[in-house]
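Here's a friendly walk through one protein model. Have a look at the fold, then read on.

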Amino acid sequence: MGVGGLLVLSYLLGTFPTALIVARLAGHDPTTEGSHNPGATNVYRLAGPGAGAAVFVGDAAKGALATAAGRAAAPPSYAMACGLAAVVGHVFPVFRRFRGGRGVATAAGVVAVMEPVLALPFAALWMTVARATGKASVASMAVVGGIPATVVALRRPRWERLGMTVLAALVLARHGGNLVRLARGEEPTL
């Protein structure tokens with residue numbers, strides 16, 4: 001399979017509706033309940049910690065699988081491109097009128113494959129910030145915002161620095177509504 005085909009498959013993998021499936025099994029629709037976001041945090045609030053964890057793992061697997069497939073089939077820069085395609089698929093799924101999640105878990109899967117040494121420290125940072133603030137969005141933005149700076153500090157190749165910056169920018173852009181709610185004091189807690 002050519003690289004273009006792999007990118008398309010990565011995007012399609014990213015569109016897999018993990019949150020919709022898990023939440024509906026628990027009798028909920030995350031697109032019409034809670035924050036209306038098909039992501040792990042909304043499912044956690046609607047259906048409990050087990051369901052939220054299942055969505056996180058499923059969404060992270062989408063990013064990890066796409067990135068690993070890119071790494072196996074082509075040079076490492078293609079792994080980054082395939083991971084980004086999966087995140088774009090999660091955030092802008094063609095089958096749901098381009099209304100997807102924020103991309104945090106899928107991006108975590110990409111980072112776990114590209115930079116496995118960073119996965120545990122970033123997970124610990126997310127937990128620390130989430131516990132301190134009670135806000136998943138604040139924890140997510142803190143972790144995602146730190147990714148580009150970390151790969152720059154580690155002197156990773158230019159293509160990886162660029163890819164991680166695009167990844168972070170996409171996820172942070174999807175948190176615009178969260179920033180507005182935080183400013184108004186209306187952002188829900190975990």
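What follows covers a pair of packed helices and then a cavity.

This is a predicted model, where local features need pLDDT of at least 70 and side-chain atom pairs count only at pLDDT 80 or more, while totals for chains, interfaces and linings use all residues. Residues are numbered from 1 along each chain as its sequence is written, and side-chain values use heavy atoms, with hydrogens and water left out.

Let's start with the helices (DSSP runs of H or I, at least four residues, numbered from the N terminus). The axes of H6 (residues 104-114) and H9 (residues 158-173) come within 10 Å and cross at roughly 165 degrees. H6 and H9 are therefore roughly antiparallel (over 145 degrees). Who touches whom, counting heavy atoms within 4.5 Å as contact?

| Helix | Residues in the contact |
|---|---|
| H6 | Val104, Ala107, Val111, Met114 |
| H9 | Trp159, Glu160, Met164, Leu167, Val171 |

By class, that's eight nonpolar, no polar and one charged residues.

A search of the whole structure turns up one cavity of 30 Å³ or more; a cavity here is a set of points on a 1 Å grid where a 1.4 Å probe fits but cannot get out. The largest cavity holds about 30 Å³ of space. Its lining (residues with an atom within 4 Å of a point) includes Phe16, Pro38, His90 and Arg96. Helix H2 (18-25) gives the largest share of that lining, three residues. By class, the lining of the largest cavity has five nonpolar, two polar and three charged residues.

How values were computed. Axes fitted to C-alpha atoms, helices over the stretch in contact; angles between N-to-C directions. Helix = DSSP H or I, 4+ residues; strand = E, 2+ residues; numbered from the N terminus. Parallel < 35°, antiparallel > 145°, perpendicular 65-115°, else oblique. Contact = heavy atoms within 4.5 Å. Nonpolar A, V, L, I, M, F, W, Y, C, P; charged D, E, K, R; others polar. 1 Å grid on protein atoms, 1.4 Å probe; cavity = no way out; pocket = protein on both sides within 12 Å on 5 of 7 lines; lining within 4 Å. Points joined across faces, edges and corners; volume = space filled by probe spheres on them.
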